[in-house]
Amino acid sequence: MDSQLEVFVTVAELENFSRAAERLHMTQPAVSQYIKVLEKSMDARLFDRSNKYVRLTQAGKIVYHHAKEIIGLYTSMHALIDDLTNKASGTISIGASYTYGEYVLPEVLKRLKEEALEITPSVTIGNTKEICKLISDYRLDIGIVEGEVKDENITVEPFETDELYVVSSPELLTLREGNFSPEELEGKTWIVREEGSGTRRISEKFFSSVGIRPVSRLEFGSTQLIKEAVEAGLGITLLSRWTFKKEVKAGDLAIVNVEGLPVQRKFSLISRSLFRSKALEIFVEKVKRSEK
């Protein structure tokens with residue numbers, strides 16, 4: 001792999017020549033020389049420099065985007081070649097949206113480590129939009145999301161159905177066997193995830209399908225924070241069954257009967273590469289065998 005690209009990406013991400021030199025175990029003049037040679041070959045200035053900061057120019061942003069792809073492909077190529085003669089090992093970079101990443105993935109990783117000690121998972125948690133962006137940029141080997149994927153360059157493989165229910169604190173609603181009507185629920189405060197979240201998208205579809213127009217909303221970027229807010233009686237929410245099983249069992253949360261529930265969606269594996277290393281194949285097998 002071209003060392004210039006590795007040096008360039010390190011400077012871009014750390015926004016500092018000195019820190020990049022430390023990370024790469026190089027001298028600062030050597031790092032500066034690599035960047036000068038790369039800028040000369042591109043016939044463009046790639047960084048704006050001052051005493052306070054180092055930032056990518058527009059040309060630098062273009063080079064950074066493609067450099068990340070090149071480095072990712074190079075790493076993937078080596079892993080696949082190693083697989084021809086060696087057993088599964090090494091690091092696999094996994095991205096997962098919050099619902100799967102926080103409530104399902106830990107058990108999958110536990111089984112992976114029990115059966116494949118030489119595989120080291122590196123995990124990034126974000127909303128569906130963020131994970132798709134990292135996959136698109138070749139910064140992750142594989143992603144697991146529950147939201148819709150619109151990037152035509154990403155391969156999407158649905159593997160499991162998720163179910164979502166309306167959840168409340170037992171004290172907020174007088175629970176009953178019959179269904180609550182949309183009119184009864186739209187006057188409550190609905191606690192929703194942020195834009196870009198797969199759960200937020202499915203919540204909006206649910207509102208539209210049953211005719212609920214929430215008069216009041218709270219928006220949080222964490223499922224755990226939403227659960228705590230619902231437990232405190234601040235409102236109601238729509239959540240995956242994976243996220244609230246313990247709280248319902250303990251009596252801290254309750255499922256609200258609403259016509260049209262549960263809402264179903266798919267968890268999907270997403271990737272850009274057509275090939276998977278042995279280590280990645282073992283991980284995917286564990287994901288597909290996860291307990292329902």
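Residues are termed buried under 20% relative accessible area, exposed over 50% and partly exposed in between, for a 1.4 Å probe and with protein chains only. The structure is a predicted model, in which local features need pLDDT of at least 70 and side-chain atom pairs count only at pLDDT 80 or more, while totals for chains, interfaces and linings use all residues. Residues are numbered from 1 along each chain as its sequence is written, and side-chain values use heavy atoms, with hydrogens and water left out.

The chain has 292 residues, of which 46% count as buried. Along the principal axes, its C-alpha atoms fill a box of roughly 70 × 50 × 30 Å.

The C-alpha atoms of T155 and I142 lie 10.0 Å apart in space, with a separation of 13 residues in sequence.

A pair of aromatic rings is described by the distance of the centres and the angle of the planes. For the rings of Phe, Tyr and Trp (its six-membered ring), a pair is assigned if the centres lie within 6.5 Å; planes under 30 degrees apart count as stacked, over 60 as edge-to-face and the rest as tilted. Nine aromatic pairs are present in the structure. One of these joins Y165 and F244, whose ring centres are 6.3 Å apart and whose planes meet at 85°, so the pair is edge-to-face. This pair links distant parts of the chain, as Y165 lies in strand β6 and F244 in helix α11 (residues 241–250), 79 residues apart. F244 counts as buried because its relative accessibility is 4%. The rings of W190 and F206 form a tilted pair, because their centres are 6.4 Å apart and their planes stand at 55°. Distant parts of the chain are again linked, with W190 in strand β7 (residues 189–193) and F206 in helix α9 (residues 198–210), 16 residues apart. Both W190 and F206 are buried. Ring pairs also link F8, F17 and F47 into a cluster.

A contact between a charge and a ring involves R55, which lies over the face of Y53 at 4.0 Å from the ring centre. The criterion for such a contact is that NZ of Lys or CZ of Arg is within 6 Å of the ring centre and within 35 degrees of the ring normal.

Another tyrosine, Y74, is located in helix α4 (residues 58–83). At 31% relative accessibility, Y74 counts as partly exposed. By contrast, Y98, in helix α5 (residues 98–103), is buried, with a relative accessible area of 18%. Y98 and K227 are 129 residues apart in sequence, and their C-alpha atoms are 13 Å apart in space.

Backbone geometry was examined in several loops. A cis peptide bond, with omega about 0°, joins L261 and P262. P262 is placed in the loop between β10 (254–256) and β11 (263–271). E15, a residue other than glycine, has a positive phi near 55°. The position of E15 is in the loop between α1 (3–14) and α2 (17–24), and its relative accessible area of 45% makes the residue partly exposed. D43 is likewise not a glycine and has a positive phi of about 55°. D43 lies in the loop between α3 (28–42) and β1 (47–49), where D43 is exposed, with a relative accessible area of 70%.

Definitions and conventions: Helix = DSSP H or I, 4+ residues; strand = E, 2+ residues; numbered from the N terminus.
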